[in-house]
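Hi everyone, thanks for making the time. Let me put the model up on the screen, and then we can walk through it together.

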Amino acid sequence: MVETICIKNSYAATTDTDPVVSTKTAAKDAKYYVLSENGKYLAALRIEPFENGVLLEGLETRPGFRRCGFAKQLVGRMLSEVDCPVYSHVMKDNFPSLKTHYSCGFEKYSDTANMINGSTNRDCF
């Protein structure tokens, strides 16, 4: 059974025996979405407050489970739960991630990315 959980103001769901998943401390008001099956992580993402909405960060799918629609399913769940603009920074040469973002309805907003720390990154959209 595939299930989605949302973890608020906590740590990402991880296990010490799974080197693919790393533990990250959540920023204030950050939310993690984890898609899992039989207790194994398939895809995960994090959102946190950004400008007038939220920033989608860390969208990842476990190797071996890519190109199965799990990231799109997870992004769809997150989009159905937020009621504000959603931004995401994607490296310009990360074509699989760009394809996923476009298939989820994201549009190119700028030729550079305004990062959460206030800096600008010209390698990202």
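Let's begin with β3, which is mostly covered: nine of its 11 residues are buried. Buried here means under 20% relative accessible area, exposed means over 50%, and partly exposed is in between, with a 1.4 Å probe and protein chains only. Helices (H or I, at least four residues) and strands (E, at least two) are DSSP runs, numbered from the N terminus. A word on the source: this is a predicted model, where local features need pLDDT of at least 70 and side-chain atom pairs count only at pLDDT 80 or more, while totals for chains, interfaces and linings use all residues. Residues are numbered from 1 along each chain as its sequence is written, and side-chain values use heavy atoms, with hydrogens and water left out.

So who are the neighbours of β3? Strand β2 (residues 31-37) runs antiparallel to β3, and seven bridges join them; two strands count as paired if DSSP finds at least two bridges between them. Across that pairing, Val 34 stands opposite Ala 44 in β3. β2 and β3 form a hairpin with two residues between them, and Asn 38 in the turn has a positive phi of about 50°.

Now to β4, which pairs with β3 over seven bridges, in the antiparallel sense. Phe 50 has Gly 53 in β4 as its bridge partner. The hairpin of β3 and β4 has two residues between the strands, and there Glu 51 takes a positive phi near 45°.

On to charges. How many salt bridges does the rule count? The count comes to four, where a salt bridge is a side-chain nitrogen of Lys or Arg within 4 Å of a carboxyl oxygen of Asp or Glu. Let me take Glu 57 and Arg 46, whose closest N and O atoms are 2.6 Å apart. Glu 57 lies in strand β4 and Arg 46 in strand β3 (residues 40-50), so this pair ties together parts that are 11 residues apart in sequence. Both Glu 57 and Arg 46 are buried.

Over in helix α1, Arg 77 and Glu 81 are four residues apart, about one helical turn, and their side chains meet in a salt bridge at 2.3 Å, N to O. Arg 77 is partly exposed at 29% relative accessibility, and Glu 81 is partly exposed too, at 39%.

Lys 108 and Asp 111 also form a salt bridge, 2.6 Å from N to O.

Last stop, the pockets. On a 1 Å grid over the protein atoms alone, a pocket is an open set of points where a 1.4 Å probe fits, with protein on both sides within 12 Å along at least five of seven lines; lining residues have an atom within 4 Å of a point. The largest pocket is lined by 17 residues, and Thr 61, Arg 67, Ala 71, Pro 96 and Thr 100 lie nearest its centre. The elements giving two or more residues to that lining are β4 (53-61), α1 (70-81) and α2 (95-103). Which of them gives the most? That would be α2, with five residues.

The second largest pocket is lined by 19 residues, with Tyr 87, Ser 88, Glu 107, Tyr 109 and Phe 125 nearest its centre. β5 (86-88), α2 and β6 (113-114) each supply at least two residues of that lining. Thanks, everyone, over to you!
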